[in-house]
Amino acid sequence: MTSLLIHNATCIATFDHADPAQGRELKDASLFVRGNQIEWIGTAAELPAKLRIEADEVIDARGHLVTPGLVNTHHHMYQSLTKAIPVTQNAELFGWLRGLYPIWAGLTPEMVQVSTQVAMAELLLSGCTTSSDHLYIYPNGVRLEDSIEAAQRIGMRFLATRGSMSVGQSAGGLPPDCVVEKEDAILKDSQRLIETWHDASHGAMVQVALAPCSPFSVSPALMKQSAELARSFKGQGVRLHTHLAENDHDIAYSREKFNMTPAQYAQELGWLGDDVWHAHCVKLDEEGISLFAASRTGVAHCPCSNMRLASGIAPIRRMLNAGVPVGLGVDGSASNDAAHMVNEARQAMLLARVGRALMPPETRNGKTFFGCDLGPAEMTARDTLHIATRGGARVLGRSDIGHLAVGMCADLAVFDLRTVGFAGGAVHDPVASLLLCASPRAAYAVVNGRVVVREGRITTIDLQPLVERHNRLAVALAESAPS
C-alpha cells in the first residue's frame, strides 16, 4: 500500500463531532494516510518519526487549510451541456423543464460520458470528493454505465442514481412522451444495475440508488415498486432518491393529482425513512418537517438552483433543529450553471440568514420573536461546512466519509490560505474564512487515498481537450433540438 503525509497544515478542520461547534480544529497539524484510510492525525509536533520516514509522498501543507472532502448530494451532470441556454435563463421550474426536455432528447452516450467528467472535474477542483448524480433520461442508447465509467476514469467517489420518467404529457405528466420509458423496463434495468454495480462495503467507490424523477413524471406504482425493489436488497444499503416540494407549482400538482401535500404523498408511497433522501424540499411545511424528522428522511439542499429558478428559500434551520438529516447539492448545471461546492456552501449560509429575516414573527415561551432576531447566527460558516461534509455523508448513508478521523476513508480537500481571497481573513479564522472570504479552488483533493487534484490541476485526465470536446458536443446538442 502507498502512503501519503499531509504535513504542517496551518489548520486541519476534522468535523469529527455531531455538533459543528465541537469538531476538533488542529493547528500546525499533520495527517497520515496508508492505502485508502487515515492512519494518524494530530499536531505536527506529535507525528511519530517512523511515519515521516515511511511516507511515499509528502505534501507540504504550510499555509493551507485541510477539510474533509465535500459531499454533493444532488446533481444532474449531463446538464453541464446546457448551461446558460438562453431559452431557460429566466424561467421557473416547469417552464425551464419544458424548454429543456426537447434538447435533452438528443443526448448520446458520448455526451453523458464527457459531461459527467467535466462536471466531476469542476466538483473536484472545488474540494468535492464524493458526488451523487441523478440521471433520469435515457435516449439514444444512453445507459447509467456511461456516467459510472466516467467517474471511474476521473477518480471520484460516486453514488449513481438510476433515475426514470414514465408519465409523459399524454398521461398528464410534464415531460414529452419521447423521453419517458416503460415501467417494466425501468425496474428490470434498476435490478440489473444494483446487482452489477452496487458496492455495500466500507470505502466503496461506486454505489447505486433508485431515483424515479418526481411526482409529476412517474406513477405512484413505479414509486412503490422502486422502493420495494431497493429494500429487497436487505443489508446492502440501496437508497432511494427523488425531487420533492421544489416550488409552488410542485405543491399545486400534488394537491390536484393526489389530494395531498408532497410529504403526505411520500409517506403514502413508503418514501420516508433513513434510506431515502429528497432533493430541494423548499416548500416542506411543518407537518412535512415533522414527518421527515421522525423517519430520519434526508434532504439535499440546493440553494443556488432554488435561487436561480426563484423556487424559494428552504427552511433549513427548522429542518436541522427538528433533526432532519441535511446535505448540500449543486443540482443540475443548467439550473445552477456551476458545480463549485464551496460556493454552494457559501450561498447556503447567506440564504439561510436572509431567509430568516423574511420570516413572519413567531411566539416562543410567551415572547414574540421577529425573523431577524437570530440574524447572522441563523447559519454559521461551521454549521454550513458541517452540512457540506458530515451532513452530506449522512444523507447518502455513508459512515466512512464526511469527517477526518483514524479509520475513515482518506477523502480530503486542501485549500491555500495564502491566496488573495483569504488575505486579512484566514489569519483570524481559517475555517470560517473559507466561506466568508472566498470561493477558492482546492490546491489538492484526495479521494480514497489518491491525489486527484495537485497544485490546482486534475491529475487523472487532460482537462483542456476534454473541455473543448464538451463545448463541441454542447453546441451539437443544442443545434439538434427541434426549432
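**Exercise 1.** Which residues of α16 are buried, and how are they arranged around the axis?

*Solution.* 
- Step 1. Apply the cut-offs: buried is under 20% relative accessible area, exposed over 50% (1.4 Å probe, protein chains only). Leu466, His470, Leu473, Ala474 and Leu477 are the buried residues of α16.
- Step 2. Look down the axis of α16. The buried residues fall within an arc of 110° (directions from the helix axis to the C-beta atoms), so they line one face.
- Step 3. Recall the geometry. An α-helix has 3.6 residues a turn, so residues three or four places apart point the same way.
- Step 4. Turn to the other side of α16: Arg472 and Glu479 are exposed there.
- Step 5. Find the cover. It includes α2 (93–104) and α3 (109–125).

Residues are numbered from 1 along each chain as its sequence is written. The model is predicted: local features need pLDDT of at least 70, side-chain atom pairs count only at pLDDT 80 or more, totals for chains, interfaces and linings use all residues, and side-chain values use heavy atoms, without hydrogens and water.

**Exercise 2.** What lines the second largest pocket, by helix and by class?

*Solution.* 
- Step 1. Take the volume: about 290 Å³.
- Step 2. Locate the centre. Of 14 lining residues, the closest to the centre are Leu320, Val324, Val326, His386 and Arg394.
- Step 3. Assign helices. α11 (316–322) and α14 (381–395) each supply at least two lining residues. The largest share, six residues, comes from α14.
- Step 4. Sort by class: six nonpolar, three polar and five charged residues.

Key. Helices (H or I, at least four residues) and strands (E, at least two) are DSSP runs, numbered from the N terminus. Contact means heavy atoms within 4.5 Å. On a 1 Å grid over the protein atoms alone, a cavity is a set of points where a 1.4 Å probe fits but cannot get out, and a pocket is an open set with protein on both sides within 12 Å along at least five of seven lines; lining residues have an atom within 4 Å of a point. Grid points are joined across faces, edges and corners, and a volume is the space filled by probe spheres set on the points. Ala, Val, Leu, Ile, Met, Phe, Trp, Tyr, Cys and Pro count as nonpolar, Asp, Glu, Lys and Arg as charged, and the others, Gly among them, as polar.
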